[in-house]
Each structure stands twice: as structure tokens, then as C-alpha cells.
Amino acid sequence: MFMDRKEIHYTEGGNPSNQLAIVLKLAFHEQPVCVAVTHLKAKAFPAERLQQGQQLTAILNSFAQGAPIIVCGDFNAVPTEPVYQHMLFHSGANLASAYCIALKEEPSFTSWKFRPGKELRYTIDYIWYSSDGLALDSVLGLPSAEEIGPDALPMLLYPSDHLALCAKFSLL
């Protein structure tokens, strides 16, 4: 059941950016859960993505008021980037990466595409969840590079340059 909604409009140096997050507070068996979806700044802007991640978690923690949290999105950041480390260690919400927990490491890629003069194959999409309020039951399997083939994404079976991520959770 729908309880509340919030839009988070990120800023860069005090100026509005065109990236945002949408957060819903939903009730499952009278237990509130906050679910957010976001898309962070692309290309070579790790400092800006970190700021966006910090803005997201600060507002999300206040909005959630202790309810379990799920955050899904294109973070445009590999696991070595500061925003990934922020989500994992400094978010204030005890977040875990669903795919990292299920697979014991992040997938080898969640996006694979060719751009002029380069091939981009990396993990930049994540499902984060509050490990103290939710139990991870399963994640959707991802295709291998061999299953996708040499032309990368998008393709007929996977019509985006990002793979679909999906996780199933149980309330604790």
C-alpha cells in the first residue's frame, strides 16, 4: 500500500542537476519499506556522483524514519569509486549490495556497449538494501558475455545497454 512519495533533485555546487531520485514509502503487511530509484551523473565525474550519493542517503534516511530501504539504480560508478564506498560503508542505513551478497562479488558487468573508439564493459548498476531490516531471498541471474555475443548490448534478447537487475526480499 502506498504511504508517501518524495522526489530528490540533486544539486551540484548549489545548482540543480538533471539527475534525480524518486522515493516511495510503501506498506507491506503494515510494515513500511522505502524504495528508491535513481540515476547518477555519467562519465568522468566521480566527485559529483559521491555528492549525489550523499544527498540521496541523507534525505532517504530522514524520509525512511527507520524503515527498511531498497535503492535501485544506474550509479554510473564501478565498485572502486567513492560513491560505491559511501553506499556500502557511510550511508548510515547499513546498506548491502544485493548482487554482491548473492554472488559473493559484484557481477562482472551490468552494462556493455561500444562507443566511438572504445568498448565499455563494467558494473555500474546496483540494488542496495538495508541488511538489518530485509533478508535477501534471491537475485535474477545475469547472462554471460558468451550468451550476449561479441556485439555487446543492446541486442534482441536484451534491448538495453544495461542488464535488468531484480532481487527478492523478505521482511525481518
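Trainee: Why is E12 called partly exposed?

Mentor: The relative accessible area of E12 is 23%. Buried means under 20%, exposed means over 50%, and partly exposed is the range in between (1.4 Å probe, protein chains only). At 23%, E12 therefore counts as partly exposed. Please note that this is a predicted model, in which local features need pLDDT of at least 70, side-chain atom pairs count only at pLDDT 80 or more, and totals for chains, interfaces and linings use all residues. Residues are numbered from 1 along each chain as its sequence is written, and side-chain values use heavy atoms, with hydrogens and water left out.

Trainee: What is K41 called by that scale, buried or exposed?

Mentor: K41 has a relative accessibility of 17% and therefore counts as buried.

Trainee: What makes the contact between the side chains of E12 and K41 a salt bridge?

Mentor: The term requires a side-chain nitrogen of Lys or Arg within 4 Å of a carboxyl oxygen of Asp or Glu. Between E12 and K41 the N to O distance is 3.5 Å, and the pair qualifies. E12 belongs to strand 1 and K41 to the loop between strand 3 and helix 1, so the bridge ties together parts that are 29 residues apart in sequence. Strands (E, at least two residues) and helices (H or I, at least four) are DSSP runs, numbered from the N terminus.

Trainee: How many salt bridges does the structure hold?

Mentor: There are five. One of them joins the side chains of R49 and E81 at 2.8 Å, N to O. That pair links distant parts of the chain, with R49 in helix 1 and E81 in the loop between strand 4 and helix 2, 32 residues apart. R49 is buried at a relative accessible area of 2%, and E81 also counts as buried at 12%.

Trainee: Why is the pairing of D161 and K113 said to tie together separate parts of the sequence?

Mentor: Their side chains meet in a salt bridge at 3.3 Å, N to O. D161 lies in the loop between helix 4 (145-148) and strand 10 (167-171), whereas K113 lies in strand 6 (residues 111-115), so parts that are 48 residues apart are tied together. K113 is buried at 8%, and D161 counts as buried at 18%. A network of salt bridges links K113, R115 and D161.

Trainee: What is the bridge partner of R115 in strand 7?

Mentor: The partner is K118.

Trainee: What makes a group of residues a nonpolar core?

Mentor: Such a core is a set of buried Ala, Val, Leu, Ile, Met, Phe, Trp, Tyr and Cys residues joined through side-chain atoms within 4.5 Å. The largest one has 22 residues, and I69, V71, F75 and W128 have the most contacts inside it. Helix 1 gives this core its largest share, four residues. A second, separate core of 10 residues includes V33, A98, I127 and L136.

Key:
Pairing = 2+ DSSP bridges.
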